[in-house]
Amino acid sequence: MFQKILIANRGEIACRIMRTARAMGIGTVAVYSDADAESAHAAAADEAVRIGPPPARESYLRADAILEAARATGAEAIHPGYGFLSENADFAEACAAAGIVFIGPPPGAIRAMGLKGDAKALMDKAGVPVVPGYHGADQIGLKSEAAKIGYPVLIKAVAGGGGKGMRRVDVAEDFEAALESAQREARGAFGSDRVLVEKYVARPRHIEVQVFADRHGNVLHLLERDCSLQRRHQKVVEEAPAPGMTAETRKWIGAIAVTAARTVGYVGAGTVEFIADASQGLCPDRIWFMEMNTRLQVEHPVTEAITGIDLVEWQLRVAAGEALFKRQSDIRPRGHAVEVRLYAEDPANGFLPSTGTLERLALPSEVRVDAGVREGDVVTAFYDPMIAKVIAHGETREGAMAKLGEALSKVEIAGLRTNNAFLIRTLRHPDFVAGDIDTGFITRHLEELAPQTPPPDEALAAAAQSVAKGNLADTDDDPWSRGDSFRLAGASRQTMDFVVDGKYRSVTIPLPSTEFGVHILKLTNGDLAAMHKGETFVLHLHDPLHDMEAEGDRTDRVLAPMPGKIIQVQVQAGQSVRRGDPLVILEAMKMEHTLSAPRDTTVESVDAVLGDQIAEGAVLVRFAGEAA
Ligand code: MV4
């Protein structure tokens, strides 16, 4: 076995690989970009080597810098993780040339599966079922091929991936236009406009089989996963086994996955992806090869959960030349496992990635969590916004889903937006619970899964209570942290106003002893994060006086923070005032608000007139001199 390996990756997968290496007594070398100097993966390794600035092409994709780091630290093997250099045949070759073991398949296997069209042709020849269609080199007679296949058809870029250069065509009249646009997109994205045409599978399911091969000719499969819940080709929920899988179909899909791996001389961990037409259940004659991923996948933990096998340990053993020591008949599913990907993104806002500091990060402890960030870490736009994978294992599918939903409802994250509440709703959606899933599930149920939800009353009440108690730690002397009760205009308040998503919410301040099950955290920007059942609401306390004081040093005037009535004027033109001296008292929202001097200065004029009803923003007092 190796003494020391280098992990050419970052984040959760780098941490995950190191965990197994450490357990096996293998030394670990991390590589990191400047943006990751303080990251969890660099801290977790025995040694860490800087490889360049944050853009991946200048760091995590730099084969030369990574090989140099391996040489300098004496690492004997490189684990590429997923993404980055994991499916790069040239890198695998460069490792071999440098006398370093690439923990992955041989370059030839990576290349054979790299081009979709060629892989499909190769699999077809090997007897692996492929979606009926045309994948030849001749691009002239595509329309007549489409007619032979029968509409609807799908045009796919041969070099494609992630749905790029893919067009569904329902009728012959639309074929030319769709072909042209698919070719244009493919040319732009992949530099090749070659396409294939196949039968369109309605409501497909994405089922994949984990395979493992050693260098001694043994090939096994480690059962299947269902990854049908995706959004724009980004997986969201993965589970194993696939709902509705029968022993007969499993035997079949496992056997063809093994054939696929054997055909390309595979070694190590790989995944064979299939598309299934499950409209009549999962049956062998409606499952077709799609592509093979020649790496360890993000969702490997669900397979680990149901097989009890540590896939990284197996990768290391195989890479070190050991033979697989289990037989196919030893591999049986135990219970049901499900994984969700917790992302820093905003489902209510088109799933826009969300960056920022994880001011709070509390992840559940009763389930497996593979995370690559810690509380206080920064999520940047440089890398994938995944915060963690959370994996539950239960005796039944229902049990696993319930356990995961329960675990996620304890997650507390503040400082950026996440999809946690979206994940909880997905896991509890009746159709999902019933196993009624396909690749269109999320789009179909988007409104239910990603609603714009206002914070519940208890979140606001808990926030008001915390502010009133003054127990929100802070150093400056703003109204948040006054040790007594929250006061405005000198009188103890009964209600408090918040601004939430631009709307005002007035809350009755509850008794200090009331329990809400809501964790309130004051964020560095002064807003409050209310964390409740896995969901985080950001609340802005509407404190016009405070908002004004914050501006105080710079303003040359005092404006009405809200519409109201002038009930006292306490200064006149020419008068000197000290910071904090009362100027005008405004009655608004059933309360009196004392507006005071923002700094030591001289009153130039008083515009406020006793008894006047004034608008928000009206000038009440002007000061002499330039605004500082
Ligand atoms: C298909 C298909 C329906 N029929 N092929 C999407 C990405 C690429 N890897 C293959 N994809 C699909 N191929 C046929 N003949 C539907 C999809 C598809 C899909 C597949 C797997 C997971 C999610 C998907 C989302 C939309 C479309």
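Of the contacts in the protein chain with a separation of 6 or more, 64% join residues 24 or more positions apart. The model is predicted. The protein chain has 628 residues, and 52% of them are buried. Its secondary structure amounts to 18 helices and 38 strands. Along the principal axes, the C-alpha atoms fill a box of roughly 95 × 60 × 45 Å.

**Domain layout**

**A four-stranded sheet**

- In what order do the four strands of the open sheet run? The order is E6-E9-E7-E8, and the pairing is antiparallel.
- Strand E6 (133–134) and strand E8 (166–169) are the edge strands, each pairing on one side only.
- Two bridges link E6 to strand E9 (residues 195–199), in the antiparallel sense.
- Tyr 134 has Val 197 of E9 as its bridge partner.

**The second largest pocket**

- The second largest pocket holds about 650 Å³ of space.
- Its lining counts 29 residues. Those nearest the centre of the pocket are Asp 346, Arg 417, Thr 418, Thr 536 and Phe 537.
- By class, the lining of this pocket has 15 nonpolar, nine polar and five charged residues.
- Three elements each supply at least two lining residues: strand E23 (412–414), helix H13 (420–428) and strand E30 (535–541).
- Where does the second largest pocket lie? Domain 3 (204–449) and domain 4 (457–541) both give residues to its lining, so the pocket lies between them.

**Asn 420, in a helix that helps line the pocket**

- Asn 420 sits in helix H13, and H13 is one of the elements that supply at least two residues of the pocket lining.
- Is Asn 420 buried or exposed? Asn 420 counts as buried because its relative accessibility is 0%, with the cut-off for buried at under 20%.
- Beyond residues up to four places away in sequence, Asn 420 touches Leu 342, Leu 408, Val 411 and Gly 534.

- Leu 223 belongs to strand E11 (residues 219–231).
- Leu 223 has a relative accessible area of 2%, so it is buried.
- Which residues does Leu 223 contact, leaving aside its neighbours within four places in sequence? They are Glu 208, Val 209, Gln 210, Arg 250, Ile 306, Thr 307, Ile 331, Arg 332 and Pro 333.
- One of these contacts, Pro 333, is 110 residues from Leu 223 along the chain. The C-alpha atoms of Leu 223 and Pro 333 are separated by 7.4 Å.

**Backbone exceptions**

- Most residues other than glycine have a negative phi, and most peptide bonds are trans.
- Tyr 151 and Pro 152 are joined by a cis peptide bond, with omega about 0°. Pro 152 is in the loop between helix H7 (142–149) and strand E7 (153–157).
- The peptide bond from Ala 240 to Pro 241 is also cis, and its omega is near -5°. Pro 241 occupies the loop between strand E12 (234–240) and helix H9 (247–263).
- His 233 is not a glycine, yet its phi is positive, at about 65°. His 233 is in the loop between E11 and E12.
- How accessible is His 233? His 233 has a relative accessible area of 48%, so it is partly exposed; the exposed class starts at over 50%.
- Phe 351 is not a glycine either, and its phi is positive at about 60°. Phe 351 is in the loop between strand E16 (345–346) and strand E17 (352–353).
- Phe 351 counts as buried because its relative accessibility is 6%.

Conventions:
Residues numbered from 1 in each chain as written. Predicted model: local features only at pLDDT ≥ 70, side-chain atom pairs only at ≥ 80, totals over all residues. Heavy atoms only, no water. Pairing = 2+ DSSP bridges. 1 Å grid on protein atoms, 1.4 Å probe; cavity = no way out; pocket = protein on both sides within 12 Å on 5 of 7 lines; lining within 4 Å. Points joined across faces, edges and corners; volume = space filled by probe spheres on them. Nonpolar A, V, L, I, M, F, W, Y, C, P; charged D, E, K, R; others polar. Domains from an automatic or database assignment. Buried < 20%, exposed > 50% of the residue type's maximum accessible area, 1.4 Å probe, protein only. Contact = heavy atoms within 4.5 Å.
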